[in-house]
Amino acid sequence: MSTRKLRLGAFLPGAGQHFAAWRHPNAKADGILDIEYYKELARTAERGLFDAFFLADGLAASFGGQVESGVGDKATVFEPVTLFAALSTVTKNLGFIATASTTYEDPYILARKYASLDHISHGRAGWNVVTSHGDAAARNFGYDRQLTPEERYGRAHEFVSLVKALWDSWEDDAFIRNKATGQYFDPEKVHAPNHRGKHFKVAGPLNVARPPQGHPVIVQAGQSDLGRELAAETAEVIFTAWQTLEDAQAFYRDVKGRLAKYGRSPDSLKIMPGVSPYVAHTEAEARAKQRALHNLIKPEAGLALLTGLLGADIDLSRYDLDGPLPDIVPPTRGMVSRQDLLVDIARKNNFSIRQLYEWIASGRGHWTIVGTPVQIADKLQEWFENGAADGFNILPPLLPDSLDDFVDLVIPELQRRGLFRTHYEGSTLRENLGLARPRNQFARPEPAFSRRAAEPELAGDLLPTGGPTFGPTRGGQSGGEHIYQQVVLVGSSTVSQQDAVDKAIARASVNYPGRLRWFEIVDSRGHIDGGKVAHWQVVLKIGVNLQD
């Protein structure tokens, strides 16, 4: 029996993941805007002990050519934070991961929305960080074309850091609410980020108390190199799309290998590939379910879906549906990794255009598996136990049928093997995912560790931009501990040098909760940009318990 348990998300949009699911006789064609229908999906997911209900989101009605062709059911959808606030009232343990854009949203408003959802749900909120893609969304926010990936991800790094600072505006024990004295909160425990960066200027503090989880869980879904780096720095869960064990293993190693330079342990990030399962008591029945949905795809709908996912300026209707994908697919400014994945699928399998849109109709490029409960569990277990996944984001092709099938047939098989929980471990999304609650970056840490030696005098030299940097290095093992050198950047020009050091120590203690034995301050410097300090750089040497 396994002691490590896999994590499961449920991606439940409307009639299901399959592009033609809404046409199926068992589908609720108008379910995508029916709150009672969504309540039933949430209850089923909680009955199956899923970690979270996840929804993607876009900021245009025309994804996949839906407005032009009129063939898709997802041109109009609920705003996910609003929907999840309602669904949290009919569930107790199920988490809710809503998608929001760092390109078009505002950090203060986003921080406020997600903090509110975390309070309303009693600690079950998660934010799926996306940079958004597609010119249709750009045109809704004053742009003619979408920004380049480099521009979008540059903004995203600053955006996420700022949102976390806003969530930390209030310390956990800031609110006194003493009726006798009239003191409602302690002003010493309120912290305005006073952020001034390349993209944003936000004073703060946030006008919502610190979320129950400290921060809602940060999720990210990018597979490009830019997306991987953003995930390594900021994410706690990654939703990803791979077709083979070998590719999934390579991604898993790559992203986990990037964590150390941000002072993070491998367990602080859960990698959960997407899986679209067709399950039945026999493999033949499962394949019949898949074929029934594929038969409902109108060619114009399949082409619209494929064009949208390729993100390219190409008219596939000019080509033979039963011929190959054109040799030249124009590069995209949108989802670069998804375009690469789809082209790779087509080339490796010698798919025609029709076969390619059928292949992606339910998984959108994610792994599609077809079989019995035992066959499905075998494949999930193989990935889970061989360094390819910490869990999976399940994409049921047809709702509610495919979700019911997975909960009633696959979950019991995973439980029988000791791979999946039989009850929720906690009441918050973090607790159930096995993620630590972050400390407040502005609060002075309660010392559970000691200074190893006398603190050296702080270096006051100011370095020009582009001056020396300190790469984090991992020392050896000694006396039951790891020894690390960790670089911490404190991105605020308004704090003092000593405050920057205090924040660096606080962040180190958050990264290794209960395991930080000692620290030494190696160096502390301000970096100059435009004649003033742009940020502080603090270098720590820390000793961390090997256990756990």
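## Close-up views of a predicted model

**View 1. Pro-400 lies in the loop between strand β13 (391-394) and helix α14 (401-416).** Helices (H or I, at least four residues) and strands (E, at least two) are DSSP runs numbered from the N terminus. The peptide bond that leads from Leu-399 into Pro-400 is cis, with omega near 5°. The model is predicted: local features need pLDDT of at least 70 and side-chain atom pairs pLDDT 80 or more, while totals for chains, interfaces and linings use all residues. Residues are numbered from 1 along each chain as its sequence is written, and side-chain values use heavy atoms, without hydrogens or water.

**View 2. A cis peptide bond joins Gly-204 to Pro-205.** Omega is near 0° for this bond. Pro-205 belongs to the loop that runs between β8 (201-202) and β9 (217-220).

**View 3. Leu-49 and Asn-194 are non-glycine residues with positive phi.** For Leu-49, phi is near 65°; the residue sits in the loop between α1 (35-47) and β2 (52-55). Leu-49 counts as buried (under 20% relative accessible area; over 50% is exposed and the range between is partly exposed; 1.4 Å probe, protein chains only), because its relative accessibility is 11%. Asn-194 is classed as partly exposed because its relative accessible area is 34%.

**View 4. Glu-171 is buried without a salt bridge.** A salt bridge requires a side-chain nitrogen of Lys or Arg within 4 Å of a carboxyl oxygen of Asp or Glu; Lys and Arg count as positive and Asp and Glu as negative, with His and the chain ends not counted. The nearest side chain of opposite charge to Glu-171 is that of Lys-189, 4.7 Å away. The side chains of Glu-171 and His-191 instead form a polar contact of 2.7 Å (N or O atoms within 3.5 Å; within protein, one able to donate a hydrogen and the other to accept it, and residues adjacent in sequence counting only if both atoms are side-chain atoms). Glu-171 is placed in the loop between α6 and β5 (175-178). Leaving out residues up to four places away in sequence, its contacts (heavy atoms within 4.5 Å) are Glu-188, Lys-189, His-191, Asn-440 and Ala-443.

**View 5. Gln-441 makes a side-chain polar contact with Asp-168.** The distance is 3.0 Å. Gln-441 lies in the loop between α15 (429-433) and β14 (450-451) and counts as buried because its relative accessibility is 14%. Beyond four places in sequence, Gln-441 touches Lys-164, Ala-165, Asp-168, Lys-503, Ala-506 and Arg-507.

**View 6. The largest nonpolar core contains 94 residues.** Such a core is a set of buried Ala, Val, Leu, Ile, Met, Phe, Trp, Tyr and Cys residues joined through side-chain atoms within 4.5 Å. Leu-8, Phe-50, Phe-53, Trp-127 and Phe-392 touch the most other members. Helix α6 (residues 149-167) supplies the largest share of this core, 8 residues. Another core, of 35 residues, lies apart from it and includes Ala-15, Ala-27, Ala-286 and Val-370. Outside four places in sequence, the contacts of Phe-53 include Tyr-38, Leu-41, Phe-84, Leu-94 and Phe-96. Across the protein chain, 55% of the 548 residues count as buried.
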